[in-house]
Amino acid sequence: MQSEQNNHAENSDVAQAVNQRSRDISEVPAVELINTVAVHLMSAAAVKTGLADDPKAEELKDLDEARKLITALAGLITAAAPEVGSTHAAPLRDGLRSLQLAFREESTVPDAPGKGPGEKWTGPVN
């Protein structure tokens, strides 16, 4: 019986936390959410490209994972740019381009122009 009461209390706490987060996120403007997601993708892609400010940066590098993250980031930025405006989109595009160039430098097998990560959405990056 005590175990059931503990489980019910834990479930209630979890439900309250979920409801609080739902309320919190509902108050955040879409532009801010898009920028936050883009920054998280950029950060993860930078780490996977080997750009981490960490002594273990080389160990953390995984270009296959970086390719996926950069491509997702390019799709998000391309789709969201008209909605968020140039003030927000320009720095995201700059960060994306930097990641694409870093990926190209780190890759031992170069992609053909227009075939690098995210270039389907951005066009060739040189």
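A residue is called buried under 20% relative accessible area, exposed over 50%, and partly exposed in between, using a 1.4 Å probe and protein chains only. This is a predicted model, in which local features need pLDDT of at least 70 and side-chain atom pairs count only at pLDDT 80 or more, while totals for chains, interfaces and linings use all residues. Residues are numbered from 1 along each chain as its sequence is written, and side-chain values use heavy atoms, with hydrogens and water left out.

Start with the charged pairs. A salt bridge here is a side-chain nitrogen of Lys or Arg within 4 Å of a carboxyl oxygen of Asp or Glu. The count comes to six salt bridges. One of them joins K68 to D64, with the closest N and O atoms 3.3 Å apart. Both residues sit in helix 4 (residues 63–84), four residues apart, so about one helical turn separates them. Helices are DSSP runs of H or I with at least four residues, numbered from the N terminus. K68 is partly exposed, at 49% relative accessibility. D64 is also partly exposed, at 45%.

A second pair reaches further along the chain. The side chains of D111 and R67 meet in a salt bridge of 2.9 Å, N to O. D111 lies in the loop between helix 5 and helix 6 (119–122), and R67 lies in helix 4, so the pair ties together parts that are 44 residues apart in sequence. R67 is partly exposed, with a relative accessible area of 27%.

Next comes K61. Its salt-bridge partner E58 has its closest O atom 3.1 Å from the N atom of K61. E58 is exposed, at 57% relative accessibility, while K61 is partly exposed, at 23%. E58, K61 and E106 are linked in a network of salt bridges.

T49 lies in helix 2 (residues 30–49). At 0% relative accessibility, T49 is buried. Contact means heavy atoms within 4.5 Å. Leaving aside neighbours within four places in sequence, T49 is in contact with K61, L63, A66, I70, A102, F103 and E106. The side chain of T49 also has a polar atom 2.6 Å from the backbone oxygen of A45. A polar contact is a pair of N or O atoms within 3.5 Å; within protein, one must be able to donate a hydrogen and the other to accept it, and residues adjacent in sequence count only if both atoms are side-chain atoms.

Helix 3 (residues 57–60) holds A57. A57 is buried, at 10% relative accessibility. Not counting residues up to four places away in sequence, A57 touches G50 and A52. From A57 to V47 the C-alpha to C-alpha distance is 7.1 Å, and the two are 10 residues apart in sequence.

On a 1 Å grid over the protein atoms alone, a cavity is a set of points where a 1.4 Å probe fits but cannot get out, and lining residues have an atom within 4 Å of a point. Grid points are joined across faces, edges and corners, and a volume is the space filled by probe spheres set on the points. The count comes to one cavity of 30 Å³ or more. The largest cavity holds about 50 Å³. Its lining is Q100, F103, R104, P110, D111, G116, P117 and E119. Helix 5 (residues 86–106) gives the most to this lining, with three residues.

Methods
1 Å grid on protein atoms, 1.4 Å probe; cavity = no way out; pocket = protein on both sides within 12 Å on 5 of 7 lines; lining within 4 Å. Helix = DSSP H or I, 4+ residues; strand = E, 2+ residues; numbered from the N terminus.
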